[in-house]
Amino acid sequence: MNTFKLKKNTSLRIFVGIALISVVGSQFQCVKKIAIKAVSKALSGESGTVFSGDNDPELVGDALPFAIKTYESLLAQNPKDTKLLLATGKALCTYGYLFVQIPADRLPDEQLDLKTSQRLRAKRLYMRSRDYLISALESRHKGIKKSLLQGTAEAALSECTLKDTSILYWSGMAWMAAVSIDKFDLSLALTTPTAVACISKSMALCDSFSNGSAHDFFISYYGSLPASMGGSIQKAEAHFEKSLQYAHGMRVAPYIALATSVCVKAQDQQRFTTLLESALALNPDTYIQYRLSNITGQEQARWLLAHTSDYFLDTKDILAQ
Amino acid sequence: MKQFLLTQTLVISTLFSFAYSAPVSIKLGSLAPANSPWDKNLRIIGNEWAKTSGNTVNLKIYAGGIVGDEMDMIRKMKVGQLNAAAITGVGLCRISQEILALQTPLLISNNDQLAYVLGKMKPEFEQLLAAKGFTIVAWSTVGWVHFFSKSPVSTPDDLKKQKLFIWAGDPDGASAWKNMGFNPVPLAVTDLMTSLQSGMVDAFTTTPLSAASYQWFGLATNMCELSWAPLVGGIIVTNDTWNKIDASVKPQLIHAAAKISAGMDAESRAAEASALTIMQQHGLTINPVSQAALAAWKTVVATGLPKLFDKSIDKKTYDRIVALCAEFDALKKAK
């Protein structure tokens with residue numbers, strides 16, 4: 001009911017804003033600016049469950065491109081709006097992952113060309129997302145964008161405060177998504193420490209941010225990375241514990257992160273299955289703010305369980321051959 | 001009675017023919033990360049094999065080392081858990097030590113020479129691998145091993161001043177390095193990054209692509225121009241699995257794998273060149289090696305090799321390769 005009200009209110013504000021923009025002519029720049037700010041505020045405000053609380057991923061997948069283009073149109077008029085930059089970056093990153101990368105990753109080898117082109121498309125979306133997000137940081141800390149891109153982030157990040165947590169988290173996530181989808185873009189791979197520093201900083205500012213979401217990243221990061229590059233099962237397990245502690249049973253992401261990294265690496269099929277079954281046991285309708293991510297996470301868990309043999313050598317099968 | 005016998009023979013031969021062309025599922029392990037150019041090429045091979053064999057040969061790829069490192073993969077192939085693997089010379093030498101001679105330092109000096117020598121040695125190596133239970137369906141060249149170090153290295157003396165990382169578990173190799181006057185520190189590769197950070201080691205050998213991918217060059221910003229040794233690789237299938245495949249399609253499968261692997265070699269060379277450019281943009285210095293320095297390196301290697309002959313490096317194979325290198329150089333000169 002509340003969600004419906006929020007959706008209704010937000011839609012109304014957007015409609016009024018767009019109507020205002022179309023009504024006012026170029027002579028009325030001041031009114032136009034006010035209108036743009038009103039729409040930007042409506043779109044980027046913290047009425048965040050419009051998308052994240054939805055129970056229909058397909059609907060969200062269809063709606064996000066329009067939302068992104070609307071945000072970008074508004075940004076063209078108001079390029080330093082921190083909240084709008086954050087909302088645009090988040091939408092691009094989410095769309096790239098849920099609706100471009102995941103479907104591409106599930107394509108069979110027979111559709112290798114399509115898989116490759118879609119993964120490259122996801123990378124472009126992540127890079128665009130990262131650029132908006134570091135512009136959001138720049139709008140709050142002059143000069144930080146240059147420092148981040150030059151790999152001298154340490155001093156610049158030290159200026160960040162609690163208010164920057166969300167922007168830092170999403171900047172690092174979009175950046176790392178781009179790095180990990182194309183590990184052989186060596187120029188980009190060399191920026192990994194900066195991307196990781198953004199997520200670490202967000203965690204340092206607020207360890208429990210988004211009920212432990214930053215810890216999910218470090219489960220996958222330490223769990224997948226070779227030990228020769230700093231990977232560590234112990235660190236991954238420690239982040240899993242932290243994430244569970246902050247999630248209070250509201251999110252499926254930590255289970256999937258540990259299953260797909262540590263369990264695959266250790267070829268521990270039993271724990272892989274148990275973790276994914278734990279993810280499926282959660283009722284996604286119980287926690288509205290995580291409904292979309294839990295529903296899509298559960299879809300992923302089901303797909304992974306159905307494709308277990310892609311990740312584990314099944315000894316029984318071999319003996320039967 | 002005749003009719004009965006004929007019917008029975010037909011039934012048996014039909015059964016036999018069914019068994020002979022039954023679908024063969026090949027589980028292949030690979031260290032190449034999923035979705036990397038190498039992984040993509042393995043999947044193209046899989047698609048080609050399925051098409052060529054009328055879907056009777058199906059390749060299932062376990063990428064990114066999820067079924068273990070090269071030694072694990074070989075072990076799993078021996079017990080039938082895995083049927084195939086894409087491995088480098090490191091693994092190939094563990095199956096057939098003779099192949100290591102191909103990677104003797106400073107023996108082969110360029111890609112053309114390597115292609116010539118490998119072309120001539122393939123039948124011999126393939127026989128050796130077959131005798132150990134493996135069929136190699138494609139060879140590839142992985143790249144050239146170089147020295148990466150904290151301080152510049154152009155001559156052997158430059159390297160002798162530094163602590164050199166070597167793979168643990170190779171006492172003969174360690175002894176050869178010491179014999180050449182270097183300071184080898186045997187460690188697990190997983191400890192390389194921390195050992196460079198702590199100063200336990202100052203230098204290591206690897207390909208430019210690995211130095212860039214693992215970002216080790218950030219801690220050892222000098223690369224010696226000298227191409228120390230080539231690294232080869234290949235796709236191997238256990239004989240048990242390979243023998244299940246219909247003999248009539250095998251040549252086509254090998255042709256497809258070899259053709260795609262050749263493309264992979266070109267991609268590897270391009271990736272290596274790109275890795276070098278990117279590393280230079282990020283602070284890597286490539287230290288040149290003069291003719292005098294090259295002669296000094298060759299003298300040093302000559303002192304270490306006798307320790308390895310017939311322990312790690314097969315002397316007979318080594319001598320064959322020396323002769324083939326000379327043959328290639330003579331042919332090139334004659335042109």
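In the predicted model, the buried residues of helix H14 of chain A are covered by elements that include helix H12 (209-224), helix H13 (233-247), helix H15 (269-281) and helix H16 (291-306) of chain A. Of the 13 residues of H14(A), 10 are buried, so this helix is largely enclosed by the rest of the structure. The buried set comprises Pro254(A), Tyr255(A), Ile256(A), Ala257(A), Leu258(A), Ala259(A), Ser261(A), Val262(A), Cys263(A) and Val264(A).

With regard to its geometry, H14(A) covers residues 253-265, and at 1.5 Å a residue it should span 18 Å, which agrees with the 18 Å that separates its end C-alpha atoms. After H14(A) comes Gln267(A), for which phi is positive, near 50 degrees.

Turning to chain B, the secondary structure consists of 13 helices and 10 strands, and the C-alpha atoms fill a box of roughly 85 × 40 × 40 Å along the principal axes. Of the 335 residues in chain B, 49% are buried, while the accessible surface of the chain amounts to about 15300 Å², with 58% of this area belonging to carbon and sulfur atoms. Among contacts in chain B with a separation of 6 or more, 75% are formed by residues 24 or more positions apart.

Conventions: Residues are numbered from 1 along each chain as its sequence is written. Chains are lettered from A and ligands numbered from 1 in the order in which they are written. This is a predicted model: local features need pLDDT of at least 70, side-chain atom pairs count only at pLDDT 80 or more; totals for chains, interfaces and linings use all residues. Side-chain values use heavy atoms; hydrogens and water are left out. Helices (H or I, at least four residues) and strands (E, at least two) are DSSP runs, numbered from the N terminus. Buried means under 20% relative accessible area, exposed over 50%, partly exposed in between (1.4 Å probe, protein chains only). Contact means heavy atoms within 4.5 Å. Accessible areas come from the Shrake-Rupley method with a 1.4 Å probe; for residues, only the protein chains shown count as cover. The expected span of a helix is 1.5 Å times one less than its number of residues.
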